[in-house]
Amino acid sequence: MGDLKLVKKFEVKEGFFGRYEKLVKDVVLPYQERALRDQIEGAEKSHCIENFRMAAQKLKTGSCDGEFYGMVFQDSDVAKWLEGAAYSLAQNPDAQLEKRCDEIIELIGQAQQEDGYLNTYFTVKEPDKRWTNLQEAHELYCAGHMIEAAVAYAECTGKRRLLEIMCGMADHIYRRFVKDGAEGYPGHPEIELALMRLYRSTGEERYKELAMHFINVRGVDSDYYIREKEKCGWRVWGSDPEDKEYTQSAAPVRQQEKAVGHAVRAVYLYTGMADAAMETGDQELAKACETLWHNITQHRMYVTGAIGSAYEGEAFTKDDHLPNDTAYAETCAAIGLIFFSNKMLYLARNGKYADVMEWALYNGVLAGMQLDGTKFFYVNPLEVLPGISGEAKTHKHALPVRPKWFTCACCPPNVARLLASVSEYAWHMTEDTLYSNLFIAGTLDLTDSLGGKVSLQTAYPYDHKIEYHFAPQEKAMSVSLAIRIPAWSKDTKITRNGMAADYEIKDGYAYLHGDFGKDDIVTVELDMQMQKVYTSNRVSANTGRAAVLRGPLVYCAEGVDNENDILSLSLKKDGRMTISEYLPEKLCGIQEIYAEGYRETVSEELYSYHAPEEEPCEITLVPYYTWGNRGLNQMRVWIPEKK
């Protein structure tokens, strides 16, 4: 199944993600549009829309009345916002939003050069340096994001103007790198996965060929960036072309075994690789993807589904190096891991991929946005200490509160487009099987393919029960329903119309076969008991510590709930944990966990010969995605544990 075929067919109006879909429509997209137009008081300047206006003006008159502002990849913020707007329009038609999108798209078209080239940085600022610094200049990255926006906008609104613009840019790139044989490959992968989407949307083989070209040449000539630097004579950030791991170019992609370098670049590349492997049947490429996915999830992923351990280079470091307070854990990287896991799920129907998607979504991604949709984290640490986090030289990146916007604002519109397209991850469909990957309340319209609708009703992730209601138009819907059984659910019950259901378990999915009529209800009851989780002793940061999970949610302790001091707390080994009733007014609706523990009292001296005194206490824990919404305070996921 191609990307986004279910986007228009899945209505998310209720439940946990119903709130987020409404938030994206009513708050996030309008707020981000104002940010792109530099209309948010006190926020970092974006200048994105203005850059396109100046580029169009320069192409028309030969000059422009301003200077390019922002990152070399500033265009991509507009692209991701447009993509998110497209998905939202599919769910919630809005004539005014669509009109503003069309106006921006028309401006983008005016900024396109006659040969198809589109990039405001090079049109406005460096017109003589096109395609001379692939390692740093992000031309292919920006093109990729705008291609994704073009495909989404065409499929969600039926309007093809942006698609035509980006086919022109893709054709320009094809001529340069395939027909004319220009050397090189993207410094920041993204266009590979975008070209696969463009191929699937248009049916044009050259776009798949171009995607495969960039995948196949990467790392074959691992010295390309070294020669490029010697030749071009200009730099953006002064990146080291000798650091081949950073750019995932030390070896051809089929020979790569560890996730290395810039974390977002890595998972974007792996997403494109997995998509290409699915489309072409390339088993060697598929095997490389599985190897890399395993390395990430078994050695380089935080319990929140976040990836990227180091501020330096926003990068992976080494196996099992997962520091908590200096974690980089970029929001975009968690989103990229969802992209990668989703494509792996297309390659092989195994619930482990959906488990990781879910973990990253509910924790690593949702934490990246304030609950009100107006502030954002770039970095998502697992431990925060005011006075150190965001202030100490080693911790300046790990902010304890979310800013309104960023100079490098890749994450906010990335969150918007992911949340607005959540149906792509929730449901997959093959010719004879409907896969329920994520338990998101909503109605799936399968009238065209199966002659009816499926409604998923649930208060998940705060309730353990999921119900599938079937509404065929005429006769019963004949399909196999495959329901993911999360690895954390140790005792799962599935019934059909109140009776034990007949199903088979395979690779993390329960398969129910047969016909489903209008009165049929399939009910899944998950085992959502609270659990402590531990890391391997290879992870030094978590020695003697435990984290608390319930269902897909990772919990954390915040100072505001625990006498403004979480550093003195420890969990009682085998201690009792209880969960509150649902608290609709707290943090937009949560359940708290209360855990038996201890609070230590120690000397005020830096070092003392007296053992700490401790007394029993109750530790209050809240879902990690909600942290940082109640002002500046401490936060910790991994808590020491004692007998």
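The legends below describe close-up views of a predicted model. Local features are given where pLDDT is at least 70 and side-chain atom pairs count only at pLDDT 80 or more, while totals for chains, interfaces and linings use all residues. Residues are numbered from 1 along each chain as its sequence is written, and side-chain values use heavy atoms, with hydrogens and water left out.

View 1. The largest pocket has a volume of about 820 Å³, where a pocket is, on a 1 Å grid over the protein atoms alone, an open set of points where a 1.4 Å probe fits, with protein on both sides within 12 Å along at least five of seven lines. Grid points are joined across faces, edges and corners, and the volume is the space filled by probe spheres set on the points. The lining (residues with an atom within 4 Å of a point) comprises 33 residues, of which Thr297, Met301, Val303, Trp359 and Val533 are the closest to the pocket centre. Two or more lining residues come from each of α12 (283-299), α14 (351-365), β16 (530-533) and β17 (545-550); helices (H or I, at least four residues) and strands (E, at least two) are DSSP runs numbered from the N terminus. By class, this lining has 15 nonpolar, 9 polar and 9 charged residues, with Ala, Val, Leu, Ile, Met, Phe, Trp, Tyr, Cys and Pro counted as nonpolar, Asp, Glu, Lys and Arg as charged, and the others, Gly among them, as polar.

**View 2. The second largest pocket and Glu314.** The second largest pocket, with a volume of about 660 Å³, is lined by 29 residues, and nearest its centre lie Met71, Glu314, Tyr328, Tyr378 and Cys408. Helix α11 (residues 263-280) gives the largest share of this lining, 3 residues, and the lining as a whole divides into 17 nonpolar, 7 polar and 5 charged residues. Glu314 sits in the loop between α12 and α13 (331-347), and its phi is near 50°, a positive value in a residue other than glycine.

**View 3. Helix α3 against helix α6.** The axes of α3 (residues 75-91) and α6 (residues 139-157) come within 8 Å and cross at roughly 15°, the axes being lines fitted to C-alpha atoms over the stretch in contact, with angles running from 0 to 180 degrees between N-to-C directions. The two helices are therefore roughly parallel to each other, a term for angles under 35 degrees.

**View 4. Helix α3 against helix α4.** The axes of α3 and α4 (residues 95-110) come within 11 Å and cross at roughly 145°. The contact is made by Val78, Trp81, Leu82, Ala85 and Leu89 of α3 and by Leu97, Glu98, Cys101, Ile104, Ile105 and Ile108 of α4, giving 10 nonpolar, no polar and 1 charged residues.

**View 5. Helix α7 against helix α9.** The axes of α7 (residues 161-179) and α9 (residues 205-217) come within 10 Å and cross at roughly 50°.

**View 6. The cis peptide bond at Pro461.** Tyr460 and Pro461 are joined by a cis peptide bond with omega of about 10°, and Pro461 lies in the loop between β6 (452-458) and β7 (465-472). Most peptide bonds are trans.

Technical notes: Parallel < 35°, antiparallel > 145°, perpendicular 65-115°, else oblique. Contact = heavy atoms within 4.5 Å.
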